[in-house]
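This briefing is meant for a reader who is meeting the structure for the first time. Please keep the sequence and the model side by side while going through the points below.

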Amino acid sequence: MTKAMIIVNPSSGGEKAEKYMERLKKQIESDFTELIIKKTEKAGDATTFCEDAALEKYEAVFVLGGDGTVSEAVNGLMLHRAQTILGIIPLGTVNNVARALGISTNPDIAIDSFKQRSFKQIDVGKLNNRYFISSTSVGPIPESIQEVDVEMKTKFGVFAYLIEGIKALKDDETYTVELELDGEKWIANYSMVLIAMSNFVSGVGTVVPDAEIDDGFIHLVTLKETTAKEKLSLLPELFQGKGYSREQLEHRAFKKAKIRLLEDRETYCTVDGDKGQPFPIELEVLPRSLAVFVPKN
């Protein structure tokens, strides 16, 4: 018997979420002997549902929602290192994970792509006791992006994040950071520390040059202490899609890391777009540890 689960976040995709759910159900129900539908009502529900699916050895879980819902689902599956294959139908504003996998951000097209399913194994990052597949960060820019409200996302879409990010460039706050990457250790002052699993960050596919979601590495991008004017001049570097030429921006790939802030205050990182855990943090890559449906070439 083959079992599958559909998880839908009704708050993503507006009033069309139910329509997409029914369309997906019709698309895949003949492929499984048992298909159940779960709707999230609060934070953590998708994790619980996916834990159940993992323990009951479901063949597949399909998630309709944004990056936050997808991240919750991944945490549920990874807690038990499940063999369950994850399917993503993007209903969020940014949809970094779907973009990195080549899944259309148009839900109708994404659903159609499941007519002929293929899958690939992707990397998952572990941050302390939590898993992530998009990014984690600290600094005024990612903090401002985290605070983008629903009304602004509805009005401007992905550009809402860019607008708030540019506003945050005026913030001169920096962090004294102690980093240890694959045994190499140093201390520096940074305006931003960004850690990503692929090249897509806030819907932009050029931020982390050459990063792939299955390359076996976690990617670090740091912005050194600098003025607001200098930060603005660095923006084009983030959109050119190739190696950074300015010394204020650095990119490194690693497998394991420890990161500590030396300020005397509690600071939280942002993980997959939501408030994460306080520093210090430990990170490691789990290469190709999650199976995900992708469009067939």
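This is a predicted model: local features need pLDDT of at least 70, side-chain atom pairs count only at pLDDT 80 or more; totals for chains, interfaces and linings use all residues.

Helix α3 is mostly covered, with 10 of its 12 residues buried.

**Helix α3**
- The buried residues of α3 are Asp 67, Thr 69, Val 70, Ser 71, Ala 73, Val 74, Asn 75, Gly 76, Leu 77 and Met 78.
- At 1.5 Å a residue, the 12 residues of this helix, residues 67-78, should span 16 Å, and this agrees with its end C-alpha atoms, which are 16 Å apart.

**Helix α1**
- Helix α1 runs over residues 17-28, and its 12 residues should span 16 Å at 1.5 Å a residue, which agrees with the 17 Å between its end C-alpha atoms.
- In α1 the buried residues are Ala 17, Tyr 20, Met 21, Leu 24, Gln 27 and Ile 28.
- The elements against which the buried residues of α1 pack are β1 (3-8), β2 (34-39), β3 (60-65), β4 (85-90), α5 (107-112) and β5 (117-127).

**Ile 111 in helix α5**
- Ile 111 has its place in helix α5, and because its relative accessibility is 0%, under the 20% cut-off, Ile 111 counts as buried.
- Leaving aside neighbours within four places in sequence, Ile 111 is in contact with Tyr 20, Arg 23, Leu 24, Gln 27 and Ile 89.
- Ile 111 and Gly 87 stand 24 residues apart in sequence, while their C-alpha atoms are 9.7 Å apart in space.

Technical notes:
Residues are numbered from 1 along each chain as its sequence is written. Side-chain values use heavy atoms; hydrogens and water are left out. Helices (H or I, at least four residues) and strands (E, at least two) are DSSP runs, numbered from the N terminus. The expected span of a helix is 1.5 Å times one less than its number of residues. Buried means under 20% relative accessible area, exposed over 50%, partly exposed in between (1.4 Å probe, protein chains only). Contact means heavy atoms within 4.5 Å.
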